[in-house]
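Trainee: I would like to learn how to read a few features from a model. Could we go through them one at a time?

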Amino acid sequence: MAGLLSLAARRKVFICAVNGVIGAGQVADIHRYAGEQNMMRRIHATIAVGAVALYAGVVQAADVFTIDAAISEQDGPGYNILFGTSNAEELFQTLERDNLRRLVAQQSGGQFSGDEVIAADLNFRGVDMTINFTEVGTPALLFSIPDIDFTRVFGDQDTREGNIDDLIEFLKTNEDGVASQLSAELARSSPSDPVAGNPASMQSRMADTDFKQAFTQKVSQVWGCGTSASAEQKVMLAKAGFGCVTDVADLNFRMPAVELAQLGGPASDAAAVGLYDDYFSRINRVRGENKLTLGLDYAQVSGSAGNGGVEHESSVISLPLSYTVVFDNDPRKRVIVRMPISLIDTEGASTYQVALGLAYNHPVTKAWSLTPSVGYSAAGSEDLASASALASFSLASSYTLNLGGWALNIGNMIGNYSTQKITLGDYESDPGISNTVITNGILFSGPSSLLANDLVVEYYVNDTRYTGDDLFTDNAQEFGVNFGKLNTTGEVVTSFIKGSVSYTMASGDNGNEADMLRLSLIFKF
């Protein structure tokens, strides 16, 4: 994150800095504002400053906001400054008189009066912007976001600082819907947008939570014997207190006499039925208790734009909180209320997210269940200049095929995840992003998933596709393993600890890529 650039990155920044100066568009700007002779001064200044930046770390490869500004007098020397930050307001404030004076002195040894012509190229989390003070001594600034075809002059104030403040307030308050358009463009272009388009985004995390609540956690044996256990495994789990024997037919494989003896009954099918009635009644009382789930989830996410674009890294810490209400007449019917809370760090910029979700698990058959879910989530980041809200509804299915001693669990989900208008602090946004999310997954378990000392291990693969509005990445594949340790009192499981490790790789148009390594630990009691 922070620190000196690698040699390859230094070379890349150096080349990009020089190429950015001598490109056709830049030459035209410099020629228009400062004359042809001053263009050569800018090139020389950029090369000198670029060398300083490469070895002093003035611009970090990981900065989510960067600025490259050419400064010139009509008849004086030209300077070029490079600056990076993790705060959006600080990006714009770089062009204020005192800040430019300090940067010019640090990077070139020159003197900045405050009245020079300035042509600044900004990278705003992957979206290009420009700010130009086109004449010596004038306070008006020309601001442009080419990707959304927006250009406006801010010149109501008598100072450049005042007009920069007006620009900042303009973007915060979403005047003319420009901030919303920018937010939608960021979801398409940024590898670290907190709203959508990457594995760390609010939309991706909501869809992932809905699917895993309905499928991975539903069928997982770690969660108290879902539909994945075979008949033999169900009896083993029943003895351990899971209460997986839900039908007399589960005992029809004719338990050995020693197994019945361990449960306290004689070796006969009739006795097994009677034993089942008593045991099932006792276990149902345990299964019918409501459950509280607490956890800790950590993910490291990296994203890079195609064609040599920006690269960002994010770390996500989440507290997945949920409460499960079990129906008295059928413990398989459950209502789950969840409220995950997350903190996302993107190259030093903080984003806070909280969500509220409601799901109902309904068993259609012994092997098939459906789970409709609804949710609402809000996220805000002063650093990233972002405020967003998302509403969702989804329907998920889980189905199990028993293959001898093995089980193949199939999960499917379709849902809609759409942004909503929201105001958080000084920021207002309504980007109008709406996507249909389709996820398919398999979870594989077998005799090896019931190990000694009540240890459980399972493996899963999930594939997710996004349709609708354009996103930075629109498909993701996750590969994971679940493992858990059961705690029992007598023959009843009183609590358990579940751990998961997964790796996700996502991709989109134009070579955009992202990947995520995720670790989670969950306690249920």
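Trainee: Is helix α8 mostly covered or mostly open?

Mentor: This is a predicted model, and in it α8 is mostly covered, with 12 of its 13 residues buried. The buried residues include Met202, Arg205, Asp208, Asp210, Phe211 and Lys212.

Trainee: How should I picture the geometry of such a helix?

Mentor: An α-helix has 3.6 residues a turn, so residues three or four places apart point the same way. As for length, α8 covers residues 202-214 and reaches 19 Å from its first C-alpha to its last. That is close to the 18 Å expected at 1.5 Å a residue.

Trainee: Turning to strands, how many residues of β3 are buried?

Mentor: Of the 8 residues in β3 (residues 117-124), 7 are buried, so the strand is largely enclosed by the rest of the structure.

Trainee: Which way do β1 and β3 run, parallel or antiparallel?

Mentor: They run antiparallel, and 8 bridges join β3 to β1 (residues 65-72).

Trainee: What is found between β3 and β4?

Mentor: Their hairpin has 2 residues between the strands, and Arg125 in this hairpin takes a positive phi near 55 degrees.

Trainee: Where do Glu347 and Asn510 lie?

Mentor: Glu347 is in the loop between β11 (341-346) and β12 (349-363). Asn510 is in the loop between β22 (492-507) and β23 (513-524).

Trainee: Is Glu347 buried or exposed, and is Asn510 buried or exposed?

Mentor: Glu347 has 10% relative accessibility, and because the cut-off for buried is under 20%, Glu347 counts as buried. Asn510 has 59%, and because exposed means over 50%, Asn510 counts as exposed.

Trainee: How are aromatic contacts read?

Mentor: A pair of aromatic rings is described by the distance of the centres and the angle of the planes. With centres within 6.5 Å as the criterion, the count comes to 8 aromatic pairs. One of them is Phe65 with Phe124, at 4.8 Å centre to centre and 65 degrees between the planes, which is edge-to-face. The pair links distant parts of the chain, with Phe65 in β1 and Phe124 in β3, 59 residues apart.

Trainee: Are Phe65 and Phe124 buried or exposed?

Mentor: Phe65 is buried, with a relative accessible area of 0%, and Phe124 is buried at 2%.

Trainee: What is the geometry of the pair Phe92 and Phe143?

Mentor: Phe92 and Phe143 are edge-to-face, 6.3 Å centre to centre with 70 degrees between the planes. Phe92 lies in helix α4 (residues 88-93) and Phe143 in strand β5 (residues 141-145), so the pair ties together parts that are 51 residues apart in sequence. Phe92 is buried at 4% relative accessible area, and Phe143 is buried at 0%.

Trainee: Which residues form one aromatic cluster?

Mentor: The cluster consists of Phe65, Phe92, Phe124, Phe143, Phe150, Phe154 and Phe170.

How values were computed:
Residues are numbered from 1 along each chain as its sequence is written. This is a predicted model: local features need pLDDT of at least 70, side-chain atom pairs count only at pLDDT 80 or more; totals for chains, interfaces and linings use all residues. Side-chain values use heavy atoms; hydrogens and water are left out. Helices (H or I, at least four residues) and strands (E, at least two) are DSSP runs, numbered from the N terminus. Buried means under 20% relative accessible area, exposed over 50%, partly exposed in between (1.4 Å probe, protein chains only). Two strands pair if DSSP finds at least two bridges between them. The expected span of a helix is 1.5 Å times one less than its number of residues. Rings of Phe, Tyr and Trp (its six-membered ring) pair if their centres lie within 6.5 Å; planes under 30 degrees apart count as stacked, over 60 as edge-to-face and the rest as tilted.
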